Amino acid sequence: IHNGMPWVAPPQHSAGANEGPVRLIMVARFGSQKDHATLIQALAGLNDLDWQLDLIGGGDETPVREQVEAAGLQDRVYFRGEREDVPDWMAASDIVCLISNYEGFPRSILEAMRAVRPVVASDVAGVGEAVVDCETGRLVPRGDVAYLQRCLRELIADKALQEKLGGQGRQRYEQYFTLARM
């Protein structure tokens, strides 16, 4: 039995509708389970694109902050700390990332699909049971910086693709991952 998320109405605007930089978000605790380093490495090679990243989560963010500064990304990567309003942050984003070393069945990707946002996630454990590659987002082999960079480049540059994958993710959420279904 998969996790379910309470039903909420879709956000007012779709993925790809933001003016200005494409807004990426990763909601994940800073620690060994999550792989913020691979995400920052991939984004460091995408300076020719207009994007920003919001990192939400607790834990020791010092190593990631140091990596961001070394890559010269401090004007694009924002550390937002722990938040109680994650659904609002997801609704304001364009692309949701979950780059991890290992997972179970993460709820954050269900929240992203519920928010009509495409997901870019590491293909570890139960992630592929929710995210369908090239249909609701992109699945990336664990630690593969080059492939993650290609997937992000494709999505950041294509607002119509963001909207399409996000919409299909919402349909998948409604079909399989509501609280009522669980």
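## Exercises on a predicted chain

**Exercise 1.** Does the radius of gyration of this chain of 182 residues agree or disagree with that of a compact globule?

*Solution.* Start with the expectation: a compact globule of 182 residues would have a radius of gyration near 16 Å. Next, take the value for the chain, which is 15 Å. The two agree. Keep in mind that this is a predicted model.

**Exercise 2.** How many helices and strands does the chain have, and which pattern do they follow along the sequence?

*Solution.* Count the elements to get seven helices and six strands. Then read along the sequence: the pattern is β-α-β-α-β-α-β-α-β-α-β-α-α. Now turn to contacts with a separation of 6 or more: residues 24 or more positions apart account for 72% of them.

**Exercise 3.** Is R170 buried or exposed?

*Solution.* First, locate the residue: R170 lies in helix α7, which covers residues 159–176. Second, look up its relative accessible area, which is 5%. Third, apply the cut-off, where buried means under 20%. R170 is therefore buried, given its 5%. For context, buried residues make up 51% of the 182 in the chain.

Technical notes
Residues are numbered from 1 along each chain as its sequence is written. This is a predicted model: local features need pLDDT of at least 70, side-chain atom pairs count only at pLDDT 80 or more; totals for chains, interfaces and linings use all residues. Side-chain values use heavy atoms; hydrogens and water are left out. Helices (H or I, at least four residues) and strands (E, at least two) are DSSP runs, numbered from the N terminus. The radius of gyration is taken over C-alpha atoms; the globule rule is 2.2 Å times the number of residues to the power 0.38. Buried means under 20% relative accessible area, exposed over 50%, partly exposed in between (1.4 Å probe, protein chains only). Contact means heavy atoms within 4.5 Å.
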